[in-house]
Structure formats: structure tokens, C-alpha cells
Amino acid sequence: MATFSVKEVLNGKAPSDTSVTVQGWVRTRRDSKAGVSFLALTDGSCFGTLQIVVPNTLGNYESEILHLTAGASFSATGMVVPSQGGGQSFEMQAESVQVFGLVEDPDTYPIQPKPHSMEFLRENAHLRARTNIMGAVARTRHSIAQAIHRFFHEQDFYWVNTPILTASDCEGAGEMFRVSTLDMMNFPKTPEGKPDFSKDFFGKETFLTVSGQLNVETYCMALSKVYTFGPTFRAENSNTSRHLAEFWMIEPEVAFADLKQNADLAEAMLKYVFTAVLNERGDDMAFFEERVEKGVIAKLENMIAKPFVRMDYTEAVNILQNCGQKFEYPVAWGTDLQSEHERYLAEKHVGGPVVLQNYPKDIKSFYMRMNDDGKTVAAMDILAPGIGEIIGGSQREERLDVLDARMEEVGLAKEPYYWYRDLRRYGTVPHAGFGLGFERAVSYITGVGNVRDVIPFPRTPGNVRF
Ligand code: 4AD
Ligand code: MG
């Protein structure tokens, strides 16, 4: 007996002249007076459920079917027929039903067929994938990741797997998780009484990476167009809806590219991804539109249709200072923009995404290319309405003398970065790249407002459940 997914059946892929098997979990069960039960079957393959019509003539009708409740697992075999009722293309007339597992105590089963708060679902992270919203997020997250890989592959970028364990702090913000095998209660000590990391597993102090950029630059200097897509970690104590301690990042790096080409690439990538999601995830996007963010589909369509606004940091500061809006944090040239400023620019001033460029050097990382004014660097952030920064990137400093001066200025020792400096000593070229925060992108595309709800197992301060 051939087995079909719910998605295949609802899309008319199952034959109409022979019985087939479907399998999954009960979403709801309804018993009619006429002696038939209707099971809504979900297997997660798509948003929809398949209606299974079960007659009371089946041998296990009383003993098992009438005990099926939300979350119970079963398979059903029968003919797929056009659905009588509205709302669905096909349904199944069951000839047999095999129950795999009932739900032990249906009244206390956490995932009841009713809306739950996102906080409650986070508490039940092991079961929340069974809800409509988390299923839709998981499928959309998959489609976004696939579209990103497709976008780069079609343009002859190579995916490079940069390491997760590292000895260098790419962003220089000191937000690194330390990885150590030393017994911290009883560690070997240096003469100063500090933990002696030369006795540690790697013989030096080691961290979880905050970004794959520096490593991927090495491959860029050989393969020209590359990207990383992997997990990154930040020990920043930020309890906000846009910060995670563990998140995924997409970081392309392009040789011979300048800041403008970098911004063009980021814009093209985002538009490609929005288009793919609208094409592939119609059912899930319709759910987000109805239940999560009214207008989310039009938002994506608008962004695909219009060029992104690009603006210099200096101009943005002027706008913020003269807009008449009261901010919690005052704005002055040279200070980093806060989320409230980023959101004002994207939401109120532009009404769409905005690419901010050429930031003061002092608020940006050491590797960004110095502009001719000696005050700003060729950086770019893409700010999105509702969320703020989703992309951070720059043209990189390819001139060794300028890089060295900058490293000295920010107090970075040359020796640990000898390999990064070597790239500037042996055939250096202008190059640029950016990092897209994957969860921020998923949050923006789905309208699900908190990044904790778009990653299966969120890690935030004080929070690692399993
Ligand atoms: O702006 P960031 O720190 O840039 C870099 O790491 C560069 N090395 C990227 C590059 O040029 N290759 O981080 C990039 C993006 C941010 O724009 C944001 O979307 C996301 O990563 N991000 C976070 N997402 C979730 N939780 C956090 N704690 C994040 N920190 C950054
Ligand atoms: Mg940034």
C-alpha cells in the first residue's frame, strides 16, 4: 500500500482508483450522530489537515477510534475522494485505522486545539512544533534557508563552512562564550593566579564564534565569491525580542566588490528570498496574514517592487535630530543608533527598509574600510520596520598599513591576527561582505515578533532548557 503525505493528498497526488495510506497525528476528532467520526490528520508536511472519515463499522471503532484525542498518532488506509464539505480539496474514506499512540491524559496535554500564548509555548518547547504557528514558522524557516542557498548557488558563490570554535573575536565586542575543559574549581594557575589556558584542551583560550567573517575572508581571497551559513554565539546580556545567545548568520564575502555592490547584493538577496517565500509558502503566509500580522504579504510584495532607500549615517542623524520625536536616548553624531532610532528611520521616515551607510569609525569594527574623510568607514546596516537592524556589513580594509593603524588604535595585538594580515600582504584586493541575522529575517518575513519563536530551541540569558 503506497503511503502519501497530507501535502501530496491535498495537492491531488494520490491515485483515485486504489486505497492509499496516510499517517500522522490527530488535530481534532468529531463524532457525528450518524455513526461516523471525522479525524483531522496533520503530518506537518503542509499547513492543511486531511479529513479522515471513519465509519463505526471498523473493528477498533469503540476500543480505539473513540479514544483518539488531539496529539494521538495513527495511520489510516482508504480511498481518497473529492471532499464533500467546503474548505478542502480531498478527504479519505477510511477502510482501516491503526493507532500508534494515544495521549495519556488528554485533559492535561499541553497542546490543546486552541490558541496558546507564545510564552506558554516557549515553556513547552518540546511540544510546540505541533501547533499551527510553530509548524508554519518551521516550514517557512526551511524555505528561507533553501532560498538563500539557491540565491548564492545560482550566482556561483561557494558555501564555506567556517569553524564554530575559534581563538579570535571578530566583532571585538568581547561578547564571547568561553569554551574550556579546565576544571574551573581547581584550575592550573598562571603566576598571576589566573586560569592557565596553556594547559587547556587547545593550549590557549578558546571561544564560540561570534561571526564566520574573518575565516570566510580567507576563502574569499581564493574563490572570489563565498558565503558562510551557520550558528553564531553572543554572550550579550540583552533580554529583547531581537537578541539570542545562539543564532544563525548568513555571511557572503565578495572579492573586488565595494560598498555599493555589497548593498546591491544584500538587496537582491532579500528580494529573492521574499519572492521565494511568497511562491512556496502560500498556505503558511496566509496563516501569518490572518493570525499574526495583518498586511504581512503586502509588506513583502512592496519591498520586492521598490528599490531600498539608501542613506548615509550623517544624514540619518540629521533627520533624527530634527524630526521632533522624543527619544529615550539622545542622538548625536558619533553615537551608535539605538533600536528606537533605527525603527523611527525605517517605520516613520522611510516606511520600508533602509540601507544606512558610512558610519563613524569609532562605533564600528576594526576591519571596516576607512573612508577618505578619515572619520567614517564603509559600513552598511539594513534596518527593517518593526525590528531594526537585520543586516550588518561593510567593505573591508584591504590596505595593510591602514589596517595596522586601525588595529593599533583599537588596541588589538598584531600577532594573533597574523593570518588576517597575511591576506593583505599576499595579493590583497578590495572586498566586501555582510551578515544577515537569520532569525531576524524569519521574524520579519513571518511577522512573528520575537526571535525566540522562530528558532526551535531559543537560548537567552538564564535559559537553556535542553
Ligand atoms: O552586525 P553584526 O554584529 O555583524 C557581523 O557579525 C559581521 N561580522 C557580519 C559580516 O560583515 N560578515 O551581526 C550581523 C547580523 C545583525 O545585523 C543581526 O541581524 C544579527 O546578525 N545579530 C543577531 N541576531 C540575533 N541575536 C543576536 N544577539 C544578534 N546579534 C547580531
Ligand atoms: Mg551590527
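The second largest pocket of this predicted model is lined by 29 residues. Arg27, Arg130, Thr131, Asn132 and Ile133 lie nearest its centre. A pocket here is an open set of points on a 1 Å grid over the protein atoms alone, where a 1.4 Å probe fits, with protein on both sides within 12 Å along at least five of seven lines. Lining residues have an atom within 4 Å of a point.

**Second largest pocket**
- The volume of the second largest pocket is about 640 Å³, taken as the space filled by probe spheres set on the grid points, which are joined across faces, edges and corners.
- Strand S1 (20-31), helix H2 (118-123), helix H3 (132-154) and helix H6 (282-291) each contribute at least two lining residues.
- H3 gives the most, with four residues.
- By type, the lining holds 15 nonpolar, eight polar and six charged residues.
- Nonpolar covers Ala, Val, Leu, Ile, Met, Phe, Trp, Tyr, Cys and Pro; charged covers Asp, Glu, Lys and Arg; the others, Gly among them, are polar.

**Helix H7**
- Helix H7 spans residues 296-305, and its buried residues are Val296, Lys299, Leu300 and Met303.
- These residues sit on the same side of H7 because they cover an arc of only 95° around the axis, judged by the directions from the helix axis to the C-beta atoms.
- Their cover includes helix H5 (259-280), H6 and helix H12 (438-446).
- Buried means under 20% relative accessible area, with a 1.4 Å probe and protein chains only.

**Thr460**
- Thr460 lies in the segment after H12.
- Thr460 counts as buried because its relative accessibility is 7%.
- Leaving out residues up to four places away in sequence, Thr460 touches His243, Leu244 and Arg452; contact means heavy atoms within 4.5 Å.

**Whole chain**
- The protein chain has twelve helices and 16 strands, which are DSSP runs (H or I, at least four residues, for helices; E, at least two, for strands) numbered from the N terminus.
- Of its 466 residues, 50% count as buried.
- The C-alpha trace spans about 85 × 60 × 45 Å along its principal axes.
- Among contacts between residues at least 6 apart in sequence, 66% join residues at least 24 apart.
- The chain exposes about 22000 Å², and carbon and sulfur atoms supply 52% of it; areas come from the Shrake-Rupley method with a 1.4 Å probe.

**Conventions**
- Residues are numbered from 1 along each chain as its sequence is written, chains are lettered from A and ligands numbered from 1 in the order in which they are written, and side-chain values use heavy atoms, without hydrogens and water.
- Local features need pLDDT of at least 70 and side-chain atom pairs count only at pLDDT 80 or more, while totals for chains, interfaces and linings use all residues.
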